[in-house]
Amino acid sequence: MISLACRDVTIDLTFPGDPAWDGHRSMTLACGDGRDFPAGEDPGGDNAVNRQLTSRARLHSRMTSLENCSSGVFPDDLSVIRAVGTVAEVSGTSDDGNAWDSWFRTETSAAQLPPVVEQPPPGGRHGRRGRKRRKLPYVLIAAAAAAAIGIGTALVLPGGGSAHTTGYLPTGSSASQDAQQTARAFLRAWDAGDLRKAANYTNHPAAARAALTAFRTYLHLRKLTSTAGLGTAISSSSASPREKVIYAASARVATASGAAAVTGTWHYHASLVTYQAKQSQYWYVAWAPADLAPNLTTSTHLAAVSVAPRVSSVTDAGGNDLSSYGDAGLDHIAAGLETGAPPGHGSPGLNVEIQTKTGKPIVNTQAVVVAPGNVAALATTIDAAAEQAARSAVGEHNNSSMVVVQPSTGKILAIANNAGFNDFALTAAVAPGSTMKTVTSTALFTEGVLNPASQVACPKAFTIQGITYHNDQGESEPASTPFITDFAQSCNNAFSTQWEHLANGRLAETAKEYYGLDQQWDIGIGSLSASYFTAPASASGSELAQEAFGEGSLTASPVAMASVAATIESGTFRQPYLAAGGPLVTAKPLPVTTDAWLKEMMRAVVTSGTAAPIGFGADVYAKTGTADINGQGQPNSWLIAFEPSRDVAVACLVVNAGYGAQFAGPEVKAFLNSF
């Protein structure tokens, strides 16, 4: 017999292969119990035994304090003892910390564990901790005793579970070492991308795993390397030590998941709190969002964001400071460029910041990972002569704005406003009025419905879906009127009556297909982009009838309508821009015949139509527009024009003014005369 330092042991026995036994028997070996179970002896024979045929026996060990036990007795004949079932994988002595750790950590092999610093356990509490770890050999000997009498065995671990799935069992000789090892286990699993394992080392695995996933997702994490420092006690309790471990991390992060994303390595320090669970040898990371990085909470996450390069000075094409013109639009452009250069200028940087759940940045949380390559000076396409002429022209009326575009290139030569701090030239979103008839005519021409000579009546009133549209001042044109005359006189119902030919999104598609409209334009104001024009593809019936003459749900800005004029002048859409280098929207060239017909009709506007009283020169083509706005005292005044000999196209809008020929028209003429 072998006497051991005693602990109560309850053995639940089953006896396989013996038809005389079909159940199990439970017995307890208490301190001082001298029962002898030599190998091969049948310990049964009692009618109270519940019988069942099985191939295993469960062994439950209830460990009691070593100080309260005297002795225990197990068989001394160990020659037939063999490891059976799950205990077959356990080896080593009671001092073999790696074997102990591999037994409890089912997901990790001993080779994957952090290195253990073996030191002789000091006196006091940790001396007792060292003795406490000698549980396993006694449990194994008890299992072996069961094996010695021919009983299949399976080990049920202390605490009643079959294995620990959370926490970490360190092998240090001090609380500081145990804390460091626990922190290392968490960090190494995290570094390896095994988020489930890392989360299971915490006391709140689900919350930890969600936060670890968010960390990886929003930072576009490429690689993580971390190093744990020593533990520092924050609790004096010897029964449940609690330690703080500071660690250093290097995270390779990116602005996006693609190869073209900006990447960089973010170096930072954070800390973990680890603790030993009560009445357990297992340690845990006390989960908190700030375990991953400082200042994180349950309602925030980290994100890697692109930082646009800044521009120190923004000038016109000749090097003059853009802000020197005193124009609200140019000031807006300069401010935008100073905070973020357009694509193709400078190089973007990378910041890591804390964001709310909705992605809103938290103020003063930005950490610079890659500094942007800023731009000392950026020249725009603004032409000094064109800008001065435009500024002078819009001075004729309040609430005026003008955009000048070079048709051959798409360069924006001038942006001028006379509307206080309003930048109507770029930001207005109002109905384009009869200037839209250029796009409507394009759709009718390309569909083969009409040509300039087609006879199209313009009735005084036209009713559709219960809505009646009246021409301005009761005008009308007979059925024999050529379409070019309807266009030149801007007779609305010659267009509203064509709505069926524009159905199924054809009007909206024409605006996009040939004029590049209703798409996001990046004109070179930093990272800003806008469509500057909207045309709902779903329009039909009375709504489409209105849109045919430029009202309804259509919206446009002067930069969009200047581009329409420029497209007709050159025959090909070239997206307007202020700074080269960014992506530009493209469109199909106008059919040659369609373009020629549009030029013919726009010239008729100048020679015999609504713009004739303005007195434009011999090489000017134009279209007036007057858009009634509900609740507004006066209509908005529009005029678009181009002059091929000067390679220039213009759009002018005067808000709440009157007829296009009376307000916008004279301003365009003033520009062309002085440019």
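Predicted model: local features only at pLDDT ≥ 70, side-chain atom pairs only at ≥ 80, totals over all residues.
Student: What makes β24 and β25 a pair of strands?

Tutor: Pairing requires at least two bridges between two strands, and β24 (residues 636-643) and β25 (residues 648-654) are joined over 7 bridges in the antiparallel sense, so they count as paired. Within this pairing, Leu639 stands opposite Cys652 of β25.

Student: Why are β18 and β23 called edge strands?

Tutor: They belong to an open sheet of 5 strands in the order β18-β17-β25-β24-β23, with antiparallel pairing. Because β18 (412-418) and β23 each have a single partner strand, one side of each is left without a neighbour in the sheet. Neighbouring strands here are turned by 10 degrees against each other on average, direction ignored.

Student: Which helices lie against this sheet, and what are their angles?

Tutor: Helix α16 (residues 592-608) lies across β23 and β24, running at about 70 degrees to β23. Helix α17 (residues 664-674) packs on the sheet by touching β17 (400-405), β24 and β25, and its direction makes about 145 degrees with that of β25.

Student: What makes β10 and β11 partners, and where do they sit in their sheet?

Tutor: Strand β10 (residues 263-276) and β11 pair in the antiparallel sense over 3 bridges, which meets the requirement of at least two; the bridge partner of Tyr275 is Tyr284 in β11. Their open sheet of 4 strands has the order β8-β9-β10-β11, with antiparallel pairing. Its edge strands are β8 (223-235) and β11 (283-285), each pairing on one side only, and the twist averages 25 degrees from one strand to the next. Helix α4 (residues 175-191) lies across β8, β9 (242-254), β10 and β11, at about 155 degrees to β8.

Student: How do you know which residues and strands line the second largest pocket?

Tutor: A residue counts as lining if it has an atom within 4 Å of a point of the pocket, and 25 residues line this one, of which Asp472, Glu475, Ser490, Thr626 and Tyr659 lie nearest its centre. The space in the pocket is about 680 Å³. Both β20 (467-470) and β23 (621-627) supply at least two residues each, and β23 gives the largest share, 3 residues.

Student: What is the make-up of that lining by class?

Tutor: The lining of the second largest pocket has 14 polar, 7 nonpolar and 4 charged residues; Tyr counts as nonpolar and Asp as charged.

How values were computed:
Residues numbered from 1 in each chain as written. Heavy atoms only, no water. 1 Å grid on protein atoms, 1.4 Å probe; cavity = no way out; pocket = protein on both sides within 12 Å on 5 of 7 lines; lining within 4 Å. Points joined across faces, edges and corners; volume = space filled by probe spheres on them. Axes fitted to C-alpha atoms, helices over the stretch in contact; angles between N-to-C directions. Contact = heavy atoms within 4.5 Å.
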